[in-house]
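Trainee: Could you take me through this model one feature at a time, with the general idea before each case?
Mentor: Gladly; please have the sequence and the structure open beside you.

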Amino acid sequence: MLALLMAGFFVVFTSADQYIERGWSRPTALPIAIVIGITVVVTAAGYDGLGFVIAYLAVTGILVMIAAAFWTGKDVDRRVLVPVSLLTGSSAVSFALCAFVIIQQKQWVLGGVPSNWAEDVNTVVVVACMTALGALTISFHHLRTHRRLTEETLTDPLTGLLNRRALAMFHGDTHFGSTMALAMFDLDHFKRTNDIFGHAVGDRVLQRFADVVRKHAHDGVEGFRLGGEEFAVVLSGVTAIDAYRILRAIGVSFGAEIVATKLGPLRSTVSVGVCFGDDDAATLEHMLLAADTALYAAKRAGRNRVATANTPDSEWSREPELLSA
């Protein structure tokens, strides 16, 4: 019975560890097996009271490890930590109390299952808490799986940036006011890059550009891969001057990137078209269309440039500007 008790709680710990992906269950399997072996030997030798103490303390330790696994997990919703701590903590305390009573009364030899107030409390607490913990763990697993599927649906697998679907989801109803801007990027001569260096090199170039976007992303700057060699950046809470500075920094940084290939080092550039929001609160569709028009203006001007969409605010309508030498 004691061996099954410890093994059962170790299964609970293993299940929780599998959901949280901490990897603790495998290295702790041997120590738990040793404790189970010691408990069996001690109990078989007639010291069943001592066997109960060892088993109760072992279960207490397992419950503490379950709580610790949740608290140290990187992909754990912080909202589940309080209920998990209450459930595992209450169960751990009830088992510790059972061990404490046996130790206090020095009942090293019982001749049967212990019967005292701590055992009664433990029965009620464990049945309630372990049932709730099991349900909570399963619910957490389903929620995490759903979140991961959602992230995969909204993430570009090659670059790790959000994709066009995410752009529509997050900004489909956004009203782009005067403190917002949307920029579209297109890698220059990307088809030629694929034709000469191969698609594997082309993929690395796309990944390098995504890395540059992430490097310059911060609060109010979001990067998206629209498809192929086209990217978008949404800027919020920025002035036009700050927007130009960020976009120019992305273009210059990417122009300095060198990708090693069998044919020698490869440097690439990017063209940018940016549209600033207005007081009429432009829609995403309007911003994309205007930024795309500005992007092609940058390409017609010789590529490796940033161009601004024509807007009612003529102060920020300017000729395409060179990004990097």
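Trainee: Which residue caps the N-terminal end of H6?
Mentor: Before the case, please note that this is a predicted model, in which local features need pLDDT of at least 70 and side-chain atom pairs count only at pLDDT 80 or more, while totals for chains, interfaces and linings use all residues. Residues are numbered from 1 along each chain as its sequence is written, and side-chain values use heavy atoms, with hydrogens and water left out. Helices are DSSP runs of H or I with at least four residues, numbered from the N terminus. A polar contact is a pair of N or O atoms within 3.5 Å; within protein, one must be able to donate a hydrogen and the other to accept it, and residues adjacent in sequence count only if both atoms are side-chain atoms. Here the cap of H6 is Asn163, which has a side-chain oxygen 3.2 Å from the backbone nitrogen of Arg165.

Trainee: Which residues of H6 are buried, and which are exposed on the other side?
Mentor: Buried means under 20% relative accessible area, exposed means over 50%, and partly exposed lies in between, with a 1.4 Å probe and protein chains only. In H6, which covers residues 164–171, the buried ones are Ala166, Leu167 and His171. Seen down the helix axis, these buried residues fall within an arc of 105 degrees, taken from the directions from the axis to the C-beta atoms, so they line one face of H6. Arg165 and Met169 are exposed on the other side.

Trainee: Where is Thr88, and what does its side chain meet?
Mentor: Thr88 belongs to helix H4, and it is buried because its relative accessible area is 1%. A polar atom of the Thr88 side chain lies 2.7 Å from the backbone oxygen of Val84. Contact means heavy atoms within 4.5 Å, and, leaving aside residues up to four places away in sequence, Thr88 touches Leu63, Ile66, Ala67 and Leu133.

Trainee: Is Ile102 buried or exposed?
Mentor: Ile102 counts as buried because its relative accessibility is 0%, and its place is also in helix H4, which spans residues 81–105. When residues up to four places away in sequence are not counted, Ile102 touches Gly49, Phe52, Val53, Tyr56, Gln107 and Pro114.

Trainee: How far apart are Ile102 and Phe52 in sequence and in space?
Mentor: Ile102 and Phe52 are 50 residues apart in sequence, whereas their C-alpha atoms are 8.3 Å apart in space.

How values were computed
Helix = DSSP H or I, 4+ residues; strand = E, 2+ residues; numbered from the N terminus.
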